[in-house]
Amino acid sequence: MDMPVNVPIDDPNADTEWNDILRKHGIIPEKPPSPTPIIEEAIANAREHAHQNRLEDKDLDQLDELEDDEDDEFLEQYRKQRMAELSTISRTSVFNQVYLIQKPDYSRDVTDASTQAFVLVHLTSSLGTNTESRLLTELWRELARQFGDIKFCEMKADMCIEGYPDKNTPTILVYHDGDIKRQIITLRELAGTKTGLRDLEKLLIDIGALKGNDSRLSHSALPSENASLTGRKAMPPSSTAEDDDDDVWA
């Protein structure tokens with residue numbers, strides 16, 4: 001009987017003539033390909049993408065200032081693209097205010113309307129002493145003026161759902177395509193009482209209501225990688241909430 005032979009192997013991953021012989025005879029596995037070319041290609045692609053999209057966040061005035069630095073044809077292409085975007089925004093900006101809605105009109109003003117545009121509903125505190133709710137009411141007005149192609153609605157929470165706990169306000173409900181897409185209970189998932197326009201702009205980008213290069217954005221509001229906004233399913237406005245249940249939309 002042939003006895004197995006122990007072949008000396010110092011480093012199976014080393015690039016040596018001996019290891020090449022061992023790989024050829026299947027004694028040691030083939031060396032995995034080096035990740036370096038893949039990494040270098042990814043870096044090159046990222047740089048090329050950044051270069052090609054270097055004008056994405058420029059408005060028309062900023063594009064005019066770049067006439068001496070950019071190729072005329074490339075610059076004109078971006079001018080036309082930006083003007084087309086502005087034309088679309090102007091055509092679809094039909095809301096431009098906060099809509100105070102009533103329960104009988106909820107289906108028409110929210111669910112049905114969301115088949116044409118994003119609809120965001122702010123369920124407000126009924127007591128008037130909720131700091132976050134008062135803050136969001138003010139921010140809602142700013143957003144409605146700024147982004148007229150998105151419908152911003154407001155409704156007292158206990159008028160929407162009987163017994164809705166005030167501790168769960170403000171609640172933001174995001175509707176699109178006739179269905180609820182996301183809910184946010186209180187502002188603790190944003191920045192609490194320090195929530196500002198930038199935080200809500202990030203939310204609008206995150207849900208797909210705005211593009212990250214929208215010229216109307218007041219800040220650089222790219223979505224946070226660590227953001228974990230809830231996306232639980234909502235009950236219809238006719239449902240009744242339990243006072244001691246935080247997750248009334250499950």
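Is Glu 138 buried, exposed or partly exposed? With a relative accessibility of 42%, Glu 138 counts as partly exposed; here buried means under 20% relative accessible area, exposed means over 50%, and partly exposed is what falls in between, with a 1.4 Å probe and protein chains only. Before going further, please keep in mind that this is a predicted model, in which local features need pLDDT of at least 70 and side-chain atom pairs count only at pLDDT 80 or more, while totals for chains, interfaces and linings use all residues. Residues are numbered from 1 along each chain as its sequence is written, and side-chain values use heavy atoms, with hydrogens and water left out.

Let us start with the whole chain. Its secondary structure comes to eight helices and five strands. These are DSSP runs numbered from the N terminus, with helices (H or I) of at least four residues and strands (E) of at least two. Along the sequence, they follow the pattern α-α-α-α-β-α-β-α-β-α-β-β-α. The chain has 250 residues, and 38% of them count as buried. Among contacts with a separation of 6 or more, 63% are between residues 24 or more positions apart, a contact being heavy atoms within 4.5 Å.

Now back to Glu 138 and its partner. Glu 138 forms a salt bridge with Arg 141, and their closest N and O atoms are 3.0 Å apart. The term salt bridge stands for a side-chain nitrogen of Lys or Arg within 4 Å of a carboxyl oxygen of Asp or Glu. Both residues belong to helix H6 and are three residues apart, so about one helical turn separates them. Arg 141 is partly exposed as well, at 42% relative accessibility.

The structure holds six salt bridges. Another of them joins Asp 206 and Arg 182, at 2.3 Å from N to O. Asp 206 lies in helix H8 (residues 197–206) and Arg 182 in strand S5, so this pair ties together parts that are 24 residues apart in sequence. Asp 206 is partly exposed at 34%, whereas Arg 182 counts as buried at 18%. Elsewhere, salt bridges that share partners join Asp 105, Arg 108 and Asp 109 into one network. Within it, the side chains of Arg 108 and Asp 105 meet at 3.7 Å, N to O. Arg 108 counts as exposed at 52% relative accessibility, and Asp 105 as partly exposed at 26%.

Next come the aromatic rings. A pair of aromatic rings is described by the distance of the centres and the angle of the planes. Rings of Phe, Tyr and Trp (its six-membered ring) pair if their centres lie within 6.5 Å; planes under 30 degrees apart count as stacked, over 60 as edge-to-face and the rest as tilted. By this rule there are three aromatic pairs. One of them is formed by Tyr 106 and Tyr 175, edge-to-face with 6.0 Å centre to centre and 70° between the planes. Tyr 106 lies in helix H5 (residues 106–112) and Tyr 175 in strand S4 (residues 171–176), so the pair ties together parts that are 69 residues apart in sequence. Tyr 106 is buried at 2% relative accessibility, and Tyr 175 is buried at 6%.

Trp 140 and Phe 152 have ring centres 5.1 Å apart and planes at 80°, so this pair is edge-to-face. Here Trp 140 comes from helix H6 (residues 131–146) and Phe 152 from strand S3 (residues 151–156), so the pair links parts twelve residues apart in sequence. Both Trp 140 and Phe 152 are buried.

Let us finish with H8 and strand S5. The buried residues of H8 are Leu 200, Glu 201, Leu 203, Leu 204 and Ile 205. They pack against strand S2 (119–124), H6, S3, S4 and S5. After H8 comes Gly 208, whose phi is positive, near 90°. In strand S5 (residues 179–185) you will find Gln 183, which is buried at 0% relative accessibility. Gln 183 and Val 121 are 62 residues apart in sequence, and their C-alpha atoms are 9.5 Å apart in space.
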